[in-house]
Amino acid sequence: IRKEKKRFLALMIISFLGVTMVTGLKAACDDLRISANDIFFKQNLHDITVLSTLGLTESDVRALSALDCISFAEGTYSKKIRVDNGLGYSNAIIKTFTKKGIDSPYVTSGRLPKTTNEIAVSQAYMKKTGKKTGDYLIIKEKKEEQNRNWQINNSFNCIAQFSYCNY
């Protein structure tokens, strides 16, 4: 060791940095796992999604709930829509909230909707369109029935801004 002081010092520093890095990674991994679990449980995020192009019936959901490996199952609805954002039309996906609170959004401002003419929108949509809590959104849907074109206009009061964890 007396003749190789520089080599010994270099090995000590490398060993010290290695131990420090491993300790930091271990602590960071534990903190991230705890934080992720906390968000998953607070937002009641789902574990698995079952999709069907024709939709699922209540009996399908009951059949899924009856499986031993599933604690509970709940059906939701989603639809691709076109929204008039004041600057033109943009595509969006509208989703319903579940009664059991599965995938409940993380509300960053406002509150979750309580009536049928209220809507909560994502932070990304708010930023993209310049909308804010209290503004109205117009959702337009075109339907074709017996060679007639119908246009349905629904106006919703934007009462909340949220961030979904599972997107």
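Which elements each supply at least two residues of the lining of the largest pocket? They are α1 (5-42), α2 (58-65), β1 (78-84) and β2 (89-95).

## About the model

This is a predicted model, in which local features need pLDDT of at least 70, side-chain atom pairs count only at pLDDT 80 or more, and totals for chains, interfaces and linings use all residues. Residues are numbered from 1 along each chain as its sequence is written, and side-chain values use heavy atoms, with hydrogens and water left out.

## Overall layout

The protein has three helices and six strands. Helices (H or I, at least four residues) and strands (E, at least two) are DSSP runs, numbered from the N terminus. From that end, the order is α-α-β-β-β-β-α-β-β.

The protein has 167 residues, and 17% of them are buried. Buried means under 20% relative accessible area, exposed means over 50%, and partly exposed lies in between (1.4 Å probe, protein chains only).

Now take contacts (heavy atoms within 4.5 Å). Of those with a separation of 6 or more, 57% join residues 24 or more positions apart.

## The largest pocket

A pocket is an open set of points on a 1 Å grid over the protein atoms alone, where a 1.4 Å probe fits, with protein on both sides within 12 Å along at least five of seven lines. The largest pocket has a volume of about 1500 Å³. Grid points are joined across faces, edges and corners, and the volume is the space filled by probe spheres set on them.

Its lining holds 40 residues, each with an atom within 4 Å of a point. I48, T49, V50, E74 and T76 lie nearest the centre. The lining divides into 19 nonpolar, 14 polar and seven charged residues. Ala, Val, Leu, Ile, Met, Phe, Trp, Tyr, Cys and Pro count as nonpolar; Asp, Glu, Lys and Arg count as charged; the others, Gly among them, are polar.

## Helix α1

α1 has 38 residues. From first C-alpha to last, α1 reaches 55 Å, close to the expected 56 Å. That expected span is 1.5 Å times one less than the number of residues. After α1 comes N44, with a positive phi near 55 degrees.

## Two residues

K100 sits in the loop between β2 and β3. K100 is partly exposed, at 47% relative accessible area. Leaving out residues up to four places away in sequence, K100 touches N44, F72, A73 and E74. K100 and E74 are 26 residues apart in sequence, yet 7.7 Å apart in space, C-alpha to C-alpha.

Y106 belongs to strand β3 (residues 106-110). Y106 is partly exposed, at 46%.
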